[in-house]
Amino acid sequence: MKTNWVMVAALSAAGLVGCGSSSDSNTTLVTKPETPKIPEGTTVSFALMETTDLHANVLSYNYYSLSEDTSLGLERTSTLIQAARAENPNNVLLDDGDTIQGTLLGDLQALTSPVPCSGTLAIHKAMNALKFDGGGMGNHEFNYGLPYLSQVTNTEFNIPGVSKPTGTCGAPTFPLVLSNVTGVASQKPIFQPYAVLPRDFAATAPDGSKLTVKLNIGIMSFVPPQILDWDQKNLAGKVAVTGSVEAAKQYVPELRSKGADVVVALSHGGLDPSPYSPKMENQSYHLTSTGIDALLIGHSHLVFPKGKEANAPALDPSFAALPASANIDAVNGFVNNVPTVMAQSWGRRLGIIKMTMVYQGGKWVTQPAKTNVESRGFKYTDGSTLVKADPELSKLIKDEHEATVAYAKQPLGVSTDFEMSSYFSLVGDVSAIQLVNQAQLDYVKNFIASSTDPVLSTYKNIPVISCSAPFKAGRNGASDFTDVAPEASAAKPVGLQIRNPGDLYLYGNNNLQAVKIKGSDLKAWLEMAAKQFGQIDPAKTSEQDLVPSYGTIFNFDVFYAEGNALKYQIDVSKPAGSRIANLTFQGKPVADGDDFIVATNDYRAGGGGNVPGIDGSKTIIKSPDANQAVVSNYLQKLGKTTGKVTLADNGSAQSWSFVKVKTAGPVFLRSAPGHLPLAKNAGLSQVAAEGGLDASGFAKYSIDLSK
């Protein structure tokens, strides 16, 4: 027989609790159901679903190439969400930040045609339609400045000089939390530090009967402390950042005291098991010691745990390199026994932690053995069939999409006679990098030459060089490569458009800066860049991946000097830290004491990427101009002078090459398929042949390091 768990209380009309008979014949007895008592042993299962690093990718569309890209987009994640909700009626959908920036759509709504207070960002419109339950922040939320962030989240930060427009602005309809960022003046969190989400979930009593229980899900959110460096121009003197562990230790007890049965950390950081520091970028690992029940992570744009679908991509090598003592299970999705998921980026996956809890001793207790973690991709059903896009989302942002396409097509006033691509930037092709370096170098030289600053004037005879990375070179999959004007040729030059500088220089929030360094700093910088390569064993007969992970491809800085006067080689047979050889400037070996000025960005100049000695202390120029704008302006300047950019002048100065090494077995580079002729035309003789596709859709190009 099933037990009735609803208790009945008799209340008098006067509000007194009655028991037995009453001497007052006028007393009216009423009955009122109390909150059902949860029997010991009751179980409840529910799904925590995660998106992360959406970067304004609402549609499966590439605004730089003006073409569909079925490998990404929230409109396809929506289909994953609907399926997961059908499988798990008890569910909560959360986002882990880096939501509003990353595409021309995001830039248009923030910079070119700012969305008014009465409007709502396209990405937020889509998330509202999908009924997200909560969200956190990422580092890129701060790229457009605090006033903008205050408006689009309808949040008053209480920061002097930063005010939200009067009235209610369009914003997410779900709670946003941020636990480790406070206002300098107020010393209080700028967003609510946490939220408790009460949910009525179906549960099962020990006798098999069904009942409804209220589960309170607490959420917190953490961003890297490096936002103070990366967005110094927006944040200096306005906000402070606490270490995530310190913030969690403060707020987890508060969440528990306010009734949270489950505490979920939304950590915008990867997994770094090295000793904890409040200043470390990827602090997620250490949050597992703070009493949380589940960990949703992001920032690294990786898949964790390994995909469960057929033909799933291999785990990123950075996970395989983690020590066994770290207690990270990258197959089942646990970190120190805490269920953990990272849903890649751009909406390409949906993180799902299906948890089971049992009611014991008057509280809900997690059951790790009955918890399943999945980072579900678009081909999860059979490993080959793509889920379809949700047509409702494209309808929802039709006007914003069309406006972005029209904006992207506006002419720059300059043509090109060559294709600028990053497909082979990891083997020396600079066709998508040289123009960026030329633009940065030109800017810094003119800045110093025209400066009246007495200190800068002393630098006029120091050589200026520049560095830039192939930001789009496979980090986000086989479709994530720069490819500007693929149909261009000397016979048929192609006019460049507004969209092209953003393809050449992805991060519109970076501002140009310059640092003064020594030759020893330059060599250390180059060594750090060369860490992108795996160490190739010449004697190994099995195949070796030249670049095992594209996770930090934005740190592969390629250096350039006017007239291609700077040259260097990389020996991938040597261990990281001792790979740079034959470093010369104007034909002479670079000495440790030689002076250089390097044009770069505020991320790198301020310490981003952990280049030894490049930590903000050597910065001599802090430009108000964004690197992307510098590239755009340089192209327009060339349009007014020569009318065009050419391969000979702007895309063929290969400043680096590999030290020749003969290998016993094959070496390969992963890149987008179908581009072998491009490598041949660029003179990259070491790219020998194109092989088949791997599980991620990359072609495997054989690399002959002896050439």
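Modeller: The account below takes the sheet, then its helices.

The model is predicted, so local features require pLDDT of at least 70 and side-chain atom pairs count only at pLDDT 80 or more, whereas totals for chains, interfaces and linings use all residues. Residues are numbered from 1 along each chain as its sequence is written, and side-chain values use heavy atoms, with hydrogens and water left out.

The open sheet has 5 strands in the order S28-S23-S32-S26-S33, and their pairing is mixed. Strands (E, at least two residues) and helices (H or I, at least four residues) are DSSP runs numbered from the N terminus, and two strands pair if DSSP finds at least two bridges between them. Axes here are lines fitted to C-alpha atoms, for helices over the stretch in contact, and angles run from 0 to 180 degrees between N-to-C directions.

Within the sheet, strand S23 (residues 464-468) pairs with strand S32 (residues 595-601) in the parallel sense, over 3 bridges. In this pairing, Val464 stands opposite Ile597 in S32. Strands of a sheet pair through backbone hydrogen bonds, either parallel or antiparallel. Cys467 counts as buried because its relative accessibility is 2%; buried means under 20% relative accessible area, exposed over 50%, and partly exposed in between (1.4 Å probe, protein chains only).

Helix H12 (residues 434-450) lies across S23, strand S26 (511-518), S28, S32 and S33, and runs at about 140° to S23. Helix H16 (residues 627-641) also packs on the sheet, where it touches S26, S32 and S33 and makes about 70° with the direction of S33. Contact means heavy atoms within 4.5 Å.

H12 has 17 residues and reaches 24 Å from its first C-alpha to its last, close to the 24 Å expected at 1.5 Å a residue; the expected span is 1.5 Å times one less than the number of residues. Buried residues of H12 include Gln434, Leu435, Val436, Leu441, Tyr443, Val444 and Ile448. An α-helix has 3.6 residues a turn, so residues three or four places apart point the same way.
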